[in-house]
Amino acid sequence: MNQYDLIIVGAGIHGAALAYYSAKAGQRVMLIEEARPASGASGHAFGWINASALIEPVQHLAQNVMDDYHHLQAALPSFPLRWCAELTYGVCPENPQASAAGLNLSSLQPRTVSQAEIRALEPNLAHPPLHARYTQAAGIISPVEAIECLVLAAEGFGARVVCDCAVSQLLVENGQVVGVSTQAGNWYGKKTVLAAGLGVLDLLVGQSLHLPIRPSPAILLKFEVAQALLNGIVSNADMEARQGDTCTLIAAEDYIDNTPENGPAAIGLRALEAIRGQLNGAQSIALKSVAVGWRPLSDDHLPIVGPAGDDGGLYILSAHPGLTLAPTLARLLSEELITGVASPLLSNFRPMRFRV
Ligand SMILES: Cc1cc2nc3c(=O)[nH]c(=O)nc-3n(C[C@H](O)[C@H](O)[C@H](O)COP(=O)(O)OP(=O)(O)OC[C@H]3O[C@@H](n4cnc5c(N)ncnc54)[C@H](O)[C@@H]3O)c2cc1C
């Protein structure tokens, strides 16, 4: 029986980050993905590493989030991350100091900037407001490339990565999860982590734990532009946008429903008009793609990280906003799995809080 230290189900941002940290620490890791890496919610994310917006009981992770992303950038030369300013106006929170009360990192402390400063930061804004909330250190990652980079690095440390292979069920022996079953066969691991996004729900059928994770849709829009229009992230009542590559502007929108008036295509066209009105030089932009991503969201909106039962065989790793939190949650979970010592930073997020 080929036994791994760790079997990870799902190669979204959580599974990829956990595979990276665990393989780097010398664990024998198997990462199993039913399609391709980043084919779930992660592949449709906007890419904003928004540590300054974290509020308690997650805010205490903000410093770790920044540190972990800086470490990834240093350790993986091709990691697609850049740091930029973020400007928020016309949306909550109106009071930057209140939302950032617990942040002790100066680069994350939001401050209010004047219209002149806004013009200097984003010269293409057609109607810069009188004031905006400014944060110096927002991160932008290209989610698909970031996940591919983590998966590749995990492979470099010896992880085995199997794609196009769905886990159909958990293998249980004497009441303990001992691995997973797939159409390609059974694989055994000392520990199994479900990082399968919404797929966690099906895999927990028959287990004693039921997790209140529900699908929360959001829309990712890509626009073709002739030249770069934004330097950082701009978030206001009409648009949340950033530059992708020079020819692509990326925006995220709330999902409303699937009707012709409010469906994703209609929202895409409304966003197109809004951006044309908001940015100088955007009059000729064209809508390139509209995609709906299904975010796994727990009922209490908190991460779910840690043991799924008392037997020590099965673990969960799920969170929103996942792109922001994944490296930190994955690193902490990886350390817990290796040392057996529970991290106090994760104590509010245990799956067992949902056990009835
Ligand atoms: C439009 C949009 C914008 C967003 N913007 C941001 C942002 O700017 N910043 C931020 O922090 N977050 C953002 N998010 C949220 C973020 O994308 C999610 O929180 C995060 O991607 C969840 O990652 P995950 O790894 O838990 O799940 P997923 O990315 O869904 O990964 C789960 C993986 O498991 C695989 N899988 C499922 N079942 C099985 C199975 N049985 N066997 C094998 N594999 C399986 C799936 O194929 C998938 O690849 C955004 C989301 C959307 C939709």
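Reply: Leaving aside neighbours within four places in sequence, A308 is in contact with Q207, L209, L314, Y315, I316 and P351, where contact requires C-beta atoms, placed from the backbone, to lie within 7 Å. The model is a predicted one, in which local features need pLDDT of at least 70 and side-chain atom pairs count only at pLDDT 80 or more, while totals for chains, interfaces and linings use all residues. Residues are numbered from 1 along each chain as its sequence is written.

A308 belongs to the loop joining β16 (304-307) and β17 (314-318); strands (E, at least two residues) and helices (H or I, at least four) are DSSP runs numbered from the N terminus. A308 counts as buried because it has 28 C-beta neighbours inside 10 Å, the cut-offs being 20 or more for buried, 12 or fewer for exposed, and partly exposed in between, with C-beta atoms placed from the backbone. From L31, A308 is 277 residues away in sequence and 19 Å away in space, C-alpha to C-alpha.

Burial can also be followed along a helix. In α2, the buried residues are A62, V65, M66, D68, Y69 and L72. Seen down the axis of α2, they fall within an arc of 165° and so line one face of the helix, the arc being that of the directions from the helix axis to the C-beta atoms. On the other side of α2, A74 and A75 are exposed. The buried residues of α2 pack against β3 (48-49), β4 (81-88), β6 (131-141) and α8.

Note on methods:
Contact = placed C-beta atoms within 7 Å.
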